[in-house]
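Work through the exercises below with the sequence and the structure in view. Each task is followed by a solution in steps.

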Amino acid sequence: MEIEQYLTFGILPVLALALVFALYRFIKGPSVPDRIIALDLLITVSIGIMVIYSIITHQSTLLDIAMVLALIAFLGTLSFTFYLKQKNLEKHE
Amino acid sequence: MSDFLIAIISTTGALFILLASIGLFRMPDFYLRVSVTTKAGSMGVGLILIASAIYFWDFGITTRALAIIFFLLITAPVSAHLLGRVAYLCKVRLWEKTISDDLEGKYDRKKLHLRGISEKESEEKSGFSQGE
């Protein structure tokens with residue numbers, strides 16, 4: 001039971017602190033690419049939290065959801081950059 | 001023994017993730033933020049996934065964890081490169097203490113591709129060839 005307690009009281013607070021820092025940049029970020037990279041890091045940290053939670057609760061099914069979330073993060077970044085590029089193209093024409 | 005290994009690996013991963021988000025919080029510039037976040041973030045999540053693979057010690061779960069690590073290592077550089085390129089196109093400001101900007105004047109902002117040489121150099125070159 002020791003490793004579960006260590007993960008609950010040692011690792012999860014550190015990851016929550018990381019989420020707070022990333023959320024600050026997501027809200028404050030001076031430009032749109034700043035917010036996109038903060039969203040990317042938010043999803044990455046939440047994948048880490050999900051994996052730690054799957055260890056604590058002995059449910060390995062949560063790893064599948066982590067995989068789907070990684071895919072969604074990549075697709076989100078891709079589509080946001082595509083949108084920014086198109087907006088930039090239209091501005092010049 | 002296995003618990004000890006899991007504790008060490010997951011602690012290292014969590015510290016890497018914390019460093020990535022502190023870098024995102026503290027760095028002065030968008031480009032520095034990108035370069036901090038992608039590398040440290042994927043390293044930290046990879047270590048935490050390795051810890052979960054050691055904990056469950058099952059073939060299917062190890063395969064899943066390795067697939068997620070592989071996917072993260074493939075996609076993180078691609079998305080960082082795309083973001084940096086688009087940010088340069090959108091004229092996101094560089095840090096005022098930046099020493100050199102190698103891409104300055106080399107991006108065709110209308111057609112969105114690299115020219116290879118700067119505008120001044122290409123004008124000089126074409127003038128020279130016309131003169132001949």
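A crossing is left-handed if the near helix is turned anticlockwise from the far one by less than a right angle, and right-handed if clockwise. The model used here is predicted.

**Exercise 1.** Describe how H2(A) and H1(B) pack against each other, including the hand of the crossing.

Solution. Begin with the geometry: the axes of helix H2 of chain A (residues 32-56) and H1(B) are 11 Å apart, and the angle is about 160 degrees. Angles over 145 degrees count as roughly antiparallel. H2(A) is therefore roughly antiparallel to H1(B). The crossing of these helices is left-handed. Next, list the residues: H2(A) contributes A:Ala38, A:Leu41, A:Val45, A:Gly48 and A:Ile52, while H1(B) contributes B:Ser10, B:Gly13, B:Ile17, B:Ala20, B:Ser21 and B:Leu24. Sorted by class, this contact holds seven nonpolar and four polar residues, and no charged ones.

**Exercise 2.** Determine how H1(B) and H2(B) are oriented within chain B.

Solution. H1 of chain B covers residues 2-26 and H2 of chain B covers residues 30-56. Their axes come within 8 Å and cross at roughly 160 degrees. The two helices are therefore roughly antiparallel to each other. This crossing, too, is described as left-handed. The residues in contact comprise 19 nonpolar, eight polar and one charged.

**Exercise 3.** Carry out the corresponding analysis for H1(A) and H2(A).

Solution. Helix H1 of chain A spans residues 2-28, and its axis comes within 9 Å of that of H2(A), with a crossing angle of roughly 170 degrees. H1(A) is therefore roughly antiparallel to H2(A). Among the contact residues of H1(A) are A:Glu4, A:Leu15 and A:Phe26, and those of H2(A) include A:Asp34, A:Val45 and A:Ile56. The class division is 18 nonpolar, two polar and four charged.

**Exercise 4.** State how many residues each chain gives to the contact between the chains, and which helices of chain B take part.

Solution. Chain B gives 45 residues and chain A gives 44 residues. On the side of chain B that touches chain A, at least two residues come from each of H1, H2 and helix H3 (59-89). That side of chain B has 30 nonpolar, 10 polar and five charged residues.

**Exercise 5.** Find which elements build the largest nonpolar core, and examine A:Leu15 within it.

Solution. The core has 49 residues. The residues with the most contacts inside it are A:Leu15, A:Val51, A:Ile52, B:Ile17 and B:Leu49. Two or more residues come from each of H1, H2 and H3 (62-92) of chain A, and likewise from H1, H2 and H3 of chain B. H2(B) gives the most, with 13 residues. Now take A:Leu15: leaving out residues up to four places away in sequence, A:Leu15 touches A:Val45, A:Gly48, A:Ile49 and A:Ile52, as well as B:Ala14 and B:Ile17 of the other chain.

Methods
Residues are numbered from 1 along each chain as its sequence is written. Chains are lettered from A and ligands numbered from 1 in the order in which they are written. This is a predicted model: local features need pLDDT of at least 70, side-chain atom pairs count only at pLDDT 80 or more; totals for chains, interfaces and linings use all residues. Axes are lines fitted to C-alpha atoms, for helices over the stretch in contact, and angles run from 0 to 180 degrees between N-to-C directions. Helices (H or I, at least four residues) and strands (E, at least two) are DSSP runs, numbered from the N terminus. Angles under 35 degrees count as roughly parallel, over 145 as roughly antiparallel, 65 to 115 as roughly perpendicular and the rest as oblique. Ala, Val, Leu, Ile, Met, Phe, Trp, Tyr, Cys and Pro count as nonpolar, Asp, Glu, Lys and Arg as charged, and the others, Gly among them, as polar. Two residues are in contact if their C-beta atoms, placed from the backbone, lie within 7 Å. A nonpolar core is a set of buried Ala, Val, Leu, Ile, Met, Phe, Trp, Tyr and Cys residues joined through C-beta atoms within 7 Å. A residue is buried if 20 or more other C-beta atoms lie within 10 Å of its own, exposed if 12 or fewer, and partly exposed in between; C-beta atoms are placed from the backbone.
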